[in-house]
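Subject: Structure for you to look through

Dear colleague,

Here is the structure I promised to hand over, and I would be glad if you kept it open beside this message while you read. My notes on what was found in it follow below.

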Amino acid sequence: MKSLTSAFMLRLERHAELTTTEREIFERLEKDSVSRKKRSPVLDPSRADARIAIMKSGWAVSRATSVSGQSTITQIFMPGDIVGLADLGFSLPPHDVQMQTDGAVCLIDRRTLSQLGHDHPRLWSLLLSMASLEEVALRDRLHTITRLSAEDRLIHFILSMKSRAAQLTDQPSDRFPLHMSQKDIGDALGLTDIYVNRLMRKLSSTGQIDVARPYIRIIDRDGWTKRVGYKDRYANLDTSWIASAAS
């Protein structure tokens with residue numbers, strides 16, 4: 001694995017070997033970044049914004065809010081993720097995306113993205129494949145919410161966050177950061193924060209996890225994987241259908 005300073009490039013290079021020219025193209029996309037404070041919007045939800053954002057650093061979450069004021073975390077963004085790629089068919093962001101931590105984002109005009117697809121279809125195919133990861137992961141989480149017990153859906157969620165964190169490091173470890181409060185976790189899984197607190201304490205007291213906020217260490221990842229039938233979507237992206245780089 002190459003030593004890359006960009007989380008976005010690191011994730012790309014996990015799934016496809018990029019040429020020097022292709023790396024330069026993506027480097028230009030990330031040339032300029034803007035800081036975002038915790039709880040600030042990544043993109044302004046009140047107006048049309050013909051841009052997407054690459055997460056340079058920090059975490060963000062997408063929330064859908066009901067008329068009663070209850071919110072659901074629909075998507076979680078980590079460094080290297082693209083915010084707004086799935087929303088290209090909407091002039092206004094369909095969900096409110098806010099920073100979960102302090103961080104920085106690279107804002108890209110949609111026309112620039114469209115031109116990238118026109119000029120470099122191989123790179124567009126790679127972005128499309130990576131975007132499909134989040135779609136499939138969201139379906140998996142929906143399945144756990146409707147079919148697994150509260151404890152098992154929490155276990156599945158922790159495993160999925162571990163898989164995502166593993167995309168950003170070459171050092172194998174069962175310890176990873178989770179920049180989410182118990183209420184946030186509940187909002188992602190359809191549970192109350194009190195219930196999440198109870199489950200986390202149980203998993204900790206029974207020796208299944210070790211918690212030192214913001215880090216969590218999974219004690220028996222293989223056992224958990226078998227227990228909930230977890231599939232690591234992030235480790236098995238198929239890019240065999242994407243055209244080879246031009247020589």
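Threonine 101 is buried in this predicted model, because its relative accessible area is 17% and buried means under 20%. You will find threonine 101 in the loop between β6 (96–99) and β7 (103–109), where a polar atom of its side chain lies 3.0 Å from the backbone nitrogen of tryptophan 59. If its neighbours within four places in sequence are left aside, threonine 101 is in contact with Arg36, Lys37, Lys38, Gly58, Trp59 and His179.

Is asparagine 236 buried or exposed? Asparagine 236 is exposed, since its relative accessible area is 60% and the cut-off for exposed is over 50%. The place of asparagine 236 is in the segment after α8, and a polar atom of its side chain lies 2.8 Å from the backbone oxygen of aspartate 232. Asparagine 236 and histidine 15 are 221 residues apart along the chain, yet their C-alpha atoms are separated by 8.9 Å.

Next comes the nonpolar interior. In soluble globular proteins, nonpolar side chains tend to be buried together. The largest nonpolar core here has 30 residues, and Phe157, Ile158 and Leu178 are the ones that touch the most other members. At least two residues of this core are supplied by each of β4 (71–77), α5 (150–166), α6 (182–189), α7 (193–205), β10 and α8 (221–228), while the largest share, eight residues, comes from α5. Phenylalanine 157, with its neighbours within four places in sequence left aside, is in contact with Ile76, Arg141, Leu178, Met180, Ile185, Ala188 and Leu189. There is also a second, separate core of 24 residues, which includes Ile54, Ile82, Ile108 and Leu113.

Two of the helices deserve a look together. Two packed helices are described by the angle between their axes and the distance between the axes. For α6 and α7, the packing angle is about 105 degrees and the axes are 8 Å apart. Because angles of 65 to 115 degrees count as roughly perpendicular, α6 and α7 are therefore roughly perpendicular to each other. Gln182, Lys183, Ile185 and Gly186 of α6 make this contact with Asp193, Val196, Asn197 and Met200 of α7.

Finally, there is an open sheet of three strands, in the order β8-β10-β9 and with antiparallel pairing. The edges are taken by β8 (175–177) and β9 (209–212), each of which has a single partner strand, so one side of each is left without a neighbour in the sheet. Neighbouring strands of this sheet are turned by 20 degrees against each other on average, direction ignored. How many bridges join β9 to β10? Four bridges join β9 to β10 (residues 215–218), and these strands run antiparallel. A hairpin leads from β9 to β10 through two residues, and alanine 212 has tyrosine 215 in β10 as its bridge partner.

With kind regards

Key
Residues are numbered from 1 along each chain as its sequence is written. This is a predicted model: local features need pLDDT of at least 70, side-chain atom pairs count only at pLDDT 80 or more; totals for chains, interfaces and linings use all residues. Side-chain values use heavy atoms; hydrogens and water are left out. Two strands pair if DSSP finds at least two bridges between them. Axes are lines fitted to C-alpha atoms, for helices over the stretch in contact, and angles run from 0 to 180 degrees between N-to-C directions. A nonpolar core is a set of buried Ala, Val, Leu, Ile, Met, Phe, Trp, Tyr and Cys residues joined through side-chain atoms within 4.5 Å. Buried means under 20% relative accessible area, exposed over 50%, partly exposed in between (1.4 Å probe, protein chains only). Contact means heavy atoms within 4.5 Å. A polar contact is a pair of N or O atoms within 3.5 Å; within protein, one must be able to donate a hydrogen and the other to accept it, and residues adjacent in sequence count only if both atoms are side-chain atoms. Angles under 35 degrees count as roughly parallel, over 145 as roughly antiparallel, 65 to 115 as roughly perpendicular and the rest as oblique.
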